[in-house]
Structure formats: C-alpha cells, structure tokens
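Here's a quick briefing on ring contacts and nonpolar packing. Have a look at the model first, then go through the points below.

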Amino acid sequence: MVSFKVITYVGAMIATVSYLAVVAVLLKSLRTYQPAVWDALGRPTLFLNNSIANSFRVAKFVLGREYRNVDRGPIQKLGRAAFLLFVIAVFLSLLLTIDIAIEPT
C-alpha cells in the first residue's frame, strides 16, 4: 500500500512542476501579447533573466491576482491556473511537513 507521505510528496512535486510550466507559458504570453506588463515585471523569464526583484514582481503578479487586470483572456486563465497550482503545492507541502513533524519516533 502506498503511504500518505508518498502520495502527498508526489502530488506536491507534480503541482510544483506544473506551476513552473504554467508560469513559463504565462511569461511568454505576456511578452508576446502584453509587452508593457512584461516590461513592468522586469522582462522576466523562468530561468535566464531571473533576479530576486523579478521573482518578487512575478509572484506579486500571480499571488496578488494582478493578471485579472489584463485584457487578454488566455493570460487570465494562465494566471488563475498558476495561482491554483501554487496554492495546491503549498498546501500539500505544509500537510507533508505537519505529518512528518507529528510522526512518532
């Protein structure tokens, strides 16, 4: 039988990798369809032009739900997906941490 920890860990990893993939597509869409917004975020990419400041701007854009102010429908859908995947990844990670912390030794 597969343990709760394994299921939670795998779920958190899938959510995290999916989040990164969705953010990569979101950033590419912003660069293509909303260059002013992409410039305001510091012209970020997932890995290459990545700094702490750019990362905070992108996180604020996704977690602050600023994508809702963008007129382009696909960008709003990608933003919602990124937000949801982030919440799921954090929830599962916290659940796993709590489970490990309360496990008897």
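Let's start with a charge over a ring: the charged end of Arg65 sits over the ring of Phe83, 4.0 Å from its centre. Keep in mind that this is a predicted model.

**Charges over rings**
- Besides Arg65 over Phe83, there's Arg31, whose charged end sits over the ring of Trp38, 5.7 Å from the ring centre.

**Aromatic pairs**
- The structure holds two aromatic pairs.
- In one of them, the ring centres of Tyr19 and Phe86 are 5.7 Å apart and the planes are at 55°, so this pair counts as tilted.
- That pair links distant parts of the chain, with Tyr19 in helix H1 (residues 4-33) and Phe86 in helix H4 (residues 73-102), 67 residues apart.
- Tyr19 is buried, at a relative accessible area of 16%, while Phe86 is partly exposed, at 30% relative accessibility.
- Phe61 and Tyr67 make an edge-to-face pair, 6.5 Å centre to centre with 70° between the planes.
- Both Phe61 and Tyr67 are buried.

**Nonpolar core**
- The largest nonpolar core has 18 residues, and those with the most contacts inside it are Val23, Leu26, Leu30, Phe61, Val62 and Ala82.
- Two or more residues each come from H1, helix H3 (52-63) and H4.
- H1 gives the most to this core, with six residues.
- Leaving aside neighbours within four places in sequence, Val23 is in contact with Leu46, Val58 and Ala82.
- As background, nonpolar side chains tend to be buried together in soluble globular proteins.

Terms used
Residues numbered from 1 in each chain as written. Predicted model: local features only at pLDDT ≥ 70, side-chain atom pairs only at ≥ 80, totals over all residues. Heavy atoms only, no water. Phe/Tyr/Trp six-rings, centres within 6.5 Å; stacked < 30°, edge-to-face > 60°. Helix = DSSP H or I, 4+ residues; strand = E, 2+ residues; numbered from the N terminus. Buried < 20%, exposed > 50% of the residue type's maximum accessible area, 1.4 Å probe, protein only. Lys NZ or Arg CZ within 6 Å of the ring centre and 35° of its normal. Core = buried A, V, L, I, M, F, W, Y, C linked by side-chain atoms within 4.5 Å. Contact = heavy atoms within 4.5 Å.
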